[in-house]
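Colleague: I am new to this structure. Could you take me through it, beginning with the overall picture?

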Amino acid sequence: MPTDTVLTLLAIFALWNGIVFCVYAFDKIAATQGAWRVSEDTLILLAVLGGGLGAFACQRLLRHKTRKAPFPVLLPLMAGLHIVIILLIALVPDAVLHTADEAALLLERLI
């Protein structure tokens, strides 16, 4: 995988996590003001779909969703998983691409 592609993926990942951080921060502000809130299902989905680092950073920095299950376990877990994925993409991109191709072929056979 070309370096430009890896850098583009990392930039997209960073942007997405910045957006997720902002959504969690918005929810924290709304919680303190008694305003409309982002649903917990949406917050969880954002974290699972690649925003684990942004969600975890907001949890730590703004002390948001620190006690309500499943957030204290889910957000650090997603952040760790996403760090591993990013390291794999950055360090061995060709192996990741080959594995993704194999997974896609397997999925096609199952469908």
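Modeller: The protein chain has four helices and zero strands, where helices (H or I, at least four residues) and strands (E, at least two) are DSSP runs numbered from the N terminus. This is a predicted model, in which local features need pLDDT of at least 70, side-chain atom pairs count only at pLDDT 80 or more, and totals for chains, interfaces and linings use all residues. Residues are numbered from 1 along each chain as its sequence is written, and side-chain values use heavy atoms, with hydrogens and water left out.

Colleague: What does the C-alpha trace of the protein chain span along its principal axes?

Modeller: The C-alpha trace spans about 50 × 35 × 20 Å. Of the 111 residues in the protein chain, 27% are buried, that is, under 20% relative accessible area, with exposed being over 50% and partly exposed in between (1.4 Å probe, protein chains only).

Colleague: Let us turn to helix α2. What does it span between its end C-alpha atoms?

Modeller: Helix α2 (residues 40-62) spans only 17 Å, whereas a straight helix of 23 residues would span 33 Å at 1.5 Å a residue. The expected span is 1.5 Å times one less than the number of residues.

Colleague: Where is the kink in α2 centred?

Modeller: The kink in α2 is centred on Gly 51 and is about 130°. The bend at a residue is the angle between axes fitted to the seven residues ending there and the seven starting there. Just after α2, Arg 63 has a positive phi of about 55°.

Colleague: Which residues of α2 are buried, and what covers them?

Modeller: Among the buried residues of α2 are Leu 43, Leu 46, Gly 51 and Cys 58. Their cover includes α1 (3-33) and α3 (71-91).

Colleague: How do the axes of α1 and α2 cross?

Modeller: The axes of α1 and α2 come within 7 Å and cross at roughly 65°. Axes here are lines fitted to C-alpha atoms, for helices over the stretch in contact, and angles run from 0 to 180 degrees between N-to-C directions.

Colleague: What is His 82 in contact with, leaving aside its neighbours within four places in sequence?

Modeller: The contacts of His 82 (heavy atoms within 4.5 Å) include Phe 13, Val 48 and Gly 51. His 82 and Phe 13 are 69 residues apart in sequence, and their C-alpha atoms are 9.5 Å apart in space.
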